Structures are given as structure tokens and as C-alpha cells.
Amino acid sequence: LIFLTSFQTSPFSFHVRDSEHTMLSLRTIPLRAPLLSRPLASSSRKKPVPDGPSPPKRPASMFALFVKERMLQKPKSMLVKNYIGDIAAQWKGLSEEEKDTFRKASADGREQYKVAVAQFNEENRRPVRARSAYILFISENFAKCQAKMPGALPNAVISQLSVTWKSFSDSAKQQYVDLAEQDKIRADGEREAFAKKNGK
């Protein structure tokens, strides 16, 4: 029975001992090249870098705000992991009245976050693709058709509208064709503005 004891400086050799723990001669065993050239697997995958501006950060909870305040008072000699335990114990000992300050600050942060997200979405809204004449027809008539088919699934309503659309003459479809052309102009303008704003 052979036991591996230690690698030498060369990756192609190592010491071995038998079952009696007697040192055997140094052996050189060639290893397969693909095994040596294969890169080691990363323990964690890199997160993709977001394209464009970053969205607003989520607001802190009232406990997180309490921790942030107390961390300013941490003794330099105390480890962070130990001090966090003390902070958690302090938080549990606070009365509801003492927590109100952090509760209010957290609520204010959530309101500011909602406003910031709405503004961010408006400023970074991606262009909506131009809709076809058929899609515009479906959008305009879906609710009316659904009201005439109580209990029908959306797919059934769309199927009925599709039959109606196919029965239309070219002149009947023309109003939706005109709307589709206008929507294409809108989509092209939004796409150009978005590309210009984001440097694309």
C-alpha cells in the first residue's frame, strides 16, 4: 500500500511511503498536459456590470440606521463582529418610543426611494418598440370584446379578435395602418434620443 506524503518543488514528482512508513525512492510521474493547463474554477461568479446609470440604492431599515449610528461609537480595540453583537443587544433593549426616531427616518427613506426610483425609471426608460396595425387593433378592441365574452380566457378573446381582423377589408384596416406609421415615428424618435443620451 502506497501513501502520498509530500510534493517536491517540481509538480511532476513526489515522495511516497509504503505501509511500513519506509521512504521509497523519489519517483517522477508525468502528468497529463490538459490537467496542468486547465484553469482553476472560480469559487464565485463575477456579477455582470450594469449597462448605464445605476438605480437608486434601497433605503436602510430602522435597525440598519441604528447600527450605522452606533458604529461611530465603536471602541478601536473591539472587533466589529463582537461589537455588532453588543449593538443587537442594545436594540432589543430599546423601548418603542426610543425606536421611533429610527422608524421615522426609515419611513422617510422609503418615500425618498420611491420618488428616486420613479425619476430614474422615467429618465432611463427604454424605447417601446413600434406596434403593428394588428397589435393596435387588438389593444383598442380587447376590452370591448372581452365584455361580450364573459368568463372567456384572454387567449379566446384574442382569437375572436384575430378572426375579426382577418375579415376586414384593406380600407377597414387603413386607420390602424395609419396609427402604426405614427407609432413607428414615435419609436424611432425615442430610440434615437435614448441612444444619444447613453452614448450609443
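Is the crossing of helix 2 and helix 4 right-handed or left-handed?

Author: The model is a predicted one, and in it the crossing of helix 2 and helix 4 is right-handed. Helix 2 covers residues 62-71 and helix 4 covers residues 96-123. Their axes come within 8 Å and cross at roughly 115°. Because angles of 65 to 115 degrees count as roughly perpendicular, helix 2 and helix 4 are described as roughly perpendicular to each other.

The residues that meet can be named on both sides. Helix 2 contributes M62, L65, F66 and E69, while F102, R103, A105 and S106 come from helix 4. Sorted by class, this contact of helix 2 with helix 4 holds 5 nonpolar, 1 polar and 2 charged residues.

Helix 2 also packs against helix 3, which spans residues 80-93. Here the axes come within 10 Å, and the crossing angle is roughly 125°. That angle makes helix 2 oblique to helix 3. The crossing of helix 2 and helix 3 is right-handed. On the helix 2 side the contact is made by M62, F63, F66, V67, R70 and M71; on the helix 3 side it is made by V80, Y83, I84, I87, A88, Q90 and W91. The residues of this contact of helix 2 with helix 3 comprise 11 nonpolar, 1 polar and 1 charged. M62 and F66 are listed both in the contact with helix 4 and in the contact with helix 3.

Further along helix 4 lies A116. A116 is partly exposed, its relative accessible area being 28%. A116 and P56 are separated by 60 residues in sequence, yet their C-alpha atoms are 6.4 Å apart in space.

Another helix contact joins helix 5 and helix 7. The axes of helix 5 and helix 7 come within 8 Å and cross at roughly 110°, which makes helix 5 roughly perpendicular to helix 7. In this contact A133, L136, F137, E140 and N141 of helix 5 meet Y176, V177, L179 and A180 of helix 7. By class, the contact of helix 5 with helix 7 has 7 nonpolar residues, 1 polar and 1 charged.

The largest nonpolar core has 10 residues, namely A133, L136, F137, I138, C145, V157, L161, W165, Y176 and A180. Two or more of these residues come from each of helix 5 (133-147), helix 6 (154-167) and helix 7 (170-197). The greatest share is that of helix 5, with 5 residues. One member of the core, I138, is in contact with I158 and L161 when its neighbours within four places in sequence are left aside. A second, separate core of 7 residues includes Y83, I87, W91 and L94. Of these, Y83, I87 and W91 also belong to the helix 3 side of its contact with helix 2.

As for the whole chain, its secondary structure comprises 7 helices and 3 strands, arranged along the sequence as β-β-β-α-α-α-α-α-α-α. Of the 200 residues, 16% count as buried. Among contacts between residues at least 6 apart in sequence, 49% join residues at least 24 apart.

Definitions and conventions
Residues are numbered from 1 along each chain as its sequence is written. This is a predicted model: local features need pLDDT of at least 70, side-chain atom pairs count only at pLDDT 80 or more; totals for chains, interfaces and linings use all residues. Side-chain values use heavy atoms; hydrogens and water are left out. Axes are lines fitted to C-alpha atoms, for helices over the stretch in contact, and angles run from 0 to 180 degrees between N-to-C directions. Helices (H or I, at least four residues) and strands (E, at least two) are DSSP runs, numbered from the N terminus. Angles under 35 degrees count as roughly parallel, over 145 as roughly antiparallel, 65 to 115 as roughly perpendicular and the rest as oblique. A crossing is left-handed if the near helix is turned anticlockwise from the far one by less than a right angle, and right-handed if clockwise. Contact means heavy atoms within 4.5 Å. Ala, Val, Leu, Ile, Met, Phe, Trp, Tyr, Cys and Pro count as nonpolar, Asp, Glu, Lys and Arg as charged, and the others, Gly among them, as polar. Buried means under 20% relative accessible area, exposed over 50%, partly exposed in between (1.4 Å probe, protein chains only). A nonpolar core is a set of buried Ala, Val, Leu, Ile, Met, Phe, Trp, Tyr and Cys residues joined through side-chain atoms within 4.5 Å.
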